[in-house]
Amino acid sequence: MQFLLAEGARIGISLIGVIGLVSINALFLIWMERKVSAHIQLRPGPMEVGFHGALQTIADALKLIGKELITPEDADKLIYLLAPIVMFLPVLVSFIVIPFSPTLLIRDLNVGILLIFAFSTMAVLAILMAGWSSNNKYSLLGAIRSVAQTIAYEIPLLITAMSVIIMVGSLKLTDIVAYQATVWNVLFQPLAFILFIICGTAETNRAPFDIPEAESELVAGFHTEYSGMRFAIFFLAEYTNMFIVSAVATVLFLGGWRGPILPPLVWFLLKVYAIIFLMMWFRWTFPRLRFDQLITLGWKILIPLSLANLILTALAIKIF
Amino acid sequence: MTSPIIIPSLEAILGADKLTELDYAATGCHVRAEAVPEQMPAVAAAMLEQKFYLASLTALDLVESLELVYHFASFYQLCRLVVHAPLAKGAAAPTISHVYPGADWFEREVFEMFGITFAGHPNLKNLILPEDADFHPLLKDFVASS
Amino acid sequence: MMLEKGIEEKTFYLNLGPQHPATHGVLRVVLEMDGEFIANSEPIIGYGHRAHEKMAELRTYQQYLPNMGRVDYLHALAYNQCYCMAVEKLTGIQVPERAEFIRVITSELNRISSHLLWFGAYLLDLGAFTPFLYCFDDREHILDLLDRITGSRLTYCFYRFGGVPVDVDEEFIAGTRAFISRLRSRWNDYDTLVTKNVIFINRTRDVGIMTPEQALKYGVTGPNLRGSGIPYDIRKSEPFSVYPLFDFEIPLGERGDVLDRYVVRLQEMEQSLRIIEQALDKLPEGPIMAEKVPKRLKPPEGEVYTAVETARGEFGIYLVSKGDVKPYRLKLRVPCFSNLSVMPELFQDVMVADAVAILGSLDLVIPDIDR
């Protein structure tokens with residue numbers, strides 16, 4: 001009985017913590033994206049609401065809450081309503097295993113990395129649901145593109161993660177961090193790190209890989225018909241996905257929470273936001289790839305490279 | 001500055017008396033030709049052979065009758081040619097859109113603005129006006145409401 | 001039966017527009033799609049029709065001047081110039097040389113601003129947001145300069161029959177010279193950010209190839225034509241105003257693809273800078289308006305065709321006068337009309353993403369087509 005109570009309290013607190021983190025992270029990231037893009041584009045960005053526009057996202061969120069929720073007349077209503085939820089829930093699950101610091105993590109599962117990848121794949125299902133049910137050709141085209149893209153980029157993403165995993169010999173995220181006590185994995189696996197960042201950018205549908213929502217072609221892609229908070233949930237999921245991909249990259253390649261002087265949590269977040277900054281930098285610099293070029297890049301370049309990297313890693317481990 | 005090349009081929013189609021040399025400085029064209037609409041496909045084919053492009057195709061409402069006006073010009077030499085083709089009201093003119101695909105839209109515009117039909121045009125429907133517009137705004141008897 | 005029919009239908013229709021981020025105006029393109037590929041396409045225009053040609057028949061010559069700023073609002077001064085030239089030819093008004101110089105300077109500045117706007121908007125089509133703000137920063141300087149002497153920032157109505165109403169001052173000349181050196185220092189940024197970008201080159205190279213034959217048959221003019229390698233620029237081949245006094249080149253493409261049209265436009269901006277520079281150096285003293293331009297303009301009976309090279313190609317005015325205070329007929333030969341009519345040929349069997357790249361590369365101003 002006491003165990004159940006303790007476990008219940010733990011789950012409750014974790015859930016509140018995760019939701020709090022997700023919201024604050026999204027609020028911060030959206031503000032950061034605006035500021036980063038603004039400074040790249042030689043303009044100040046939001047300045048009015050709060051200090052340097054810090055409260056701008058909150059104002060926007062309030063506006064979105066107040067907006068009418070539109071459901072297209074011929075939409076497949078059930079799936080249409082479910083899609084944002086299916087998009088968002090797996091994102092929450094991934095937080096269970098992310099080690100923010102030696103003490104701050106919810107469950108140290110021994111299949112941690114597998115769990116994250118398994119659940120992040122569900123996002124494509126949500127995109128397909130949203131695109132199909134909206135009864136809009138732009139949405140459908142966006143959804144179809146998204147499926148093809150996710151398949152093409154999930155494979156190299158997993159294979160590059162595999163290179164690290166066979167080095168460490170564990171799927172547990174804390175083990176992976178512990179392995180990097182002296183040297184970060186990025187020094188052993190520079191190619192894998194680059195591939196992981198490229199695939200991670202594609203996985204989160206960010207420019208230059210934002211084909212599923214290519215604004216100038218498909219208006220807004222799979223979420224064309226969504227408005228108000230439903231749209232906001234897709235938006236929230238995008239930024240949370242960015243956080244997760246960057247967190248996984250930090251754990252796999254950048255030594256997780258490790259670092260001198262500063263507390264572990266600060267180091268972890270610093271690394272995560274540095275990777276996110278890099279992804280934002282991509283977005284505001286590059287034009288968008290064409291759909292077929294994107295698939296070609298995935299299948300013909302990234303997958304062979306990641307496979308070669310995996311084989312080399314395996315050989316190196318066998319030899320040394 | 002009149003090009004010596006275009007004159008023979010046009011003279012063969014239209015007859016020498018239909019071609020007049022113009023003062024370029026005052027009119028912006030070098031040669032003026034008079035034709036009947038039925039000769040226009042042949043004229044257009046001859047112009048295309050000389051590598052002239054169709055700069056403009058429009059019509060004039062002369063109240064008693066109509067007149068089609070074709071402007072040709074060349075990418076390679078300075079020569080502008082204007083062809084006038086008078087047309088009775090209600091009569092149809094043959095299309096030149098099979099020679100110059102670019103004439104397709106010009107003819108559709110003349111069709112809706114002046115009510116001139118082009119025989120043989122593949123897709124003669126309103127271009128700029130609404131699909132169901134049954135008036136011809138550039139005719140002189142069309143009174144603008146303001 | 002429904003199911004059977006559904007299986008047999010291989011294609012579906014997609015409406016690109018009338019409201020779509022890539023059409024830059026109210027243009028609608030009906031696409032018959034075979035998956036991501038376009039099987040057939042038909043542009044539908046006319047949403048912005050304002051009857052400019054009919055308006056001409058209802059107004060006096062002077063009253064029609066402001067209309068010329070509103071047909072192609074991005075290179076309005078070239079339209080101003082063409083209309084003024086048409087009326088001046090018809091009435092025999094001689095324009096003083098200083099006025100012609102001012103016309104060339106302002107019109108070329110306007111051409112650069114038009115190309116800059118195209119440059120930014122085109123990269124927006126390709127998914128790059130940042131260059132848009134860079135070139136708008138540059139464009140702002142032109143707008144400020146032109147604002148100083150013309151009084152407006154977009155829909156200019158500056159030229160008059162017989163000259164220009166306002167003379168340029170030292171501040172304008174100094175500002176223009178400063179702008180020239182500023183823009184020249186930016187080419188390097190544009191090159192490294194965009195022109196040398198691998199993704200950009202992959203998106204544009206060998207896409208939307210327009211052959212010289214297609215250009216000829218559809219009457220395509222302007223940078224689109226020169227991208228296909230034909231050196232036809234009315235400023236050179238049919239010299240008007242004082243363009244023969246200046247030394248400039250016509251940039252040409254080789255393959256006629258989207259990248260060539262892009263490069264031609266970028267190089268044209270540099271050539272325009274050269275023209276402005278020379279015009280500022282050679283700017284003669286003298287009057288800016290012809291003497292004795294009648295207030296009540298009644299050109300003699302006759303017809304005239306004038307053409308100018310705008311940022312988008314040949315703009316021609318066919319003006320017929322019956323000796324009245326109003327034009328009898330005024331036909332606007334607009335470049336985008338012909339440039340758009342070739343589009344279905346370029347759209348054949350390309351992907352939607354390429355279609356957006358091609359449509360953008362034609363540099364269409366939709367109100368220009370609709371008139």
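**Close-up 1. The buried residues of helix H3 of chain B.** B:Met40, B:Pro41, B:Val43, B:Ala44, B:Ala46, B:Met47 and B:Leu48 are the buried residues of H3(B); buried means under 20% relative accessible area, with exposed over 50% and partly exposed in between (1.4 Å probe, protein chains only). This helix covers residues 40-49, and since seven of its ten residues are buried, it is largely enclosed by the rest of the structure. Helices (H or I, at least four residues) and strands (E, at least two) are DSSP runs, numbered from the N terminus. Just after H3(B) comes B:Lys51, with a positive phi of about 60°.

A word on what you are looking at: this is a predicted model, in which local features need pLDDT of at least 70 and side-chain atom pairs count only at pLDDT 80 or more, while totals for chains, interfaces and linings use all residues. Residues are numbered from 1 along each chain as its sequence is written, chains are lettered from A and ligands numbered from 1 in the order in which they are written, and side-chain values use heavy atoms, with hydrogens and water left out.

**Close-up 2. B:Tyr53 in strand E3 of chain B.** Strand E3 spans residues 52-61 and holds B:Tyr53. With 0% relative accessibility, B:Tyr53 counts as buried. B:Glu112 is 59 residues from B:Tyr53 in sequence, and their C-alpha atoms are 23 Å apart in space.

**Close-up 3. The largest nonpolar core.** A nonpolar core is a set of buried Ala, Val, Leu, Ile, Met, Phe, Trp, Tyr and Cys residues joined through side-chain atoms within 4.5 Å. The largest one has 180 residues, and B:Leu68, B:Tyr70, B:Phe72, B:Tyr100, C:Tyr83 and C:Ile317 touch the most other members. Helix H4 of chain C (residues 97-125) gives the largest share of this core, 13 residues. Another core lies apart from it, with 81 residues, including A:Ile40 and A:Met242.

**Close-up 4. The surroundings of C:Ile317.** Contact means heavy atoms within 4.5 Å. Leaving aside neighbours within four places in sequence, C:Ile317 is in contact with residues including C:Met68, C:Tyr83, C:Val304 and C:Leu332.

**Close-up 5. Helices H4 and H6 of chain C.** The axes of H4(C) and H6(C), the latter being residues 170-195, come within 13 Å and cross at roughly 25°. Axes are lines fitted to C-alpha atoms, for helices over the stretch in contact, and angles run from 0 to 180 degrees between N-to-C directions. H4(C) is therefore roughly parallel to H6(C), as angles under 35 degrees count as roughly parallel, over 145 as roughly antiparallel, 65 to 115 as roughly perpendicular and the rest as oblique. Among the residues that meet here are C:Ile105, C:Leu109 and C:Phe119 in H4(C), and C:Phe172, C:Phe179 and C:Tyr190 in H6(C).

**Close-up 6. C:Ala279 in helix H11 of chain C.** C:Ala279 sits in H11(C), residues 258-282, and is buried, with a relative accessible area of 0%. Not counting residues up to four places away in sequence, C:Ala279 touches C:Phe101, C:Ile105 and C:Phe246. C:Phe246 and C:Ala279 are 33 residues apart in sequence, and 7.5 Å apart in space from C-alpha to C-alpha.

**Close-up 7. How the chains meet.** Two pairs of chains touch, and the most contacts are between chains B and C. Chains A and B are joined by no contact, and their closest C-alpha atoms lie 25 Å apart.
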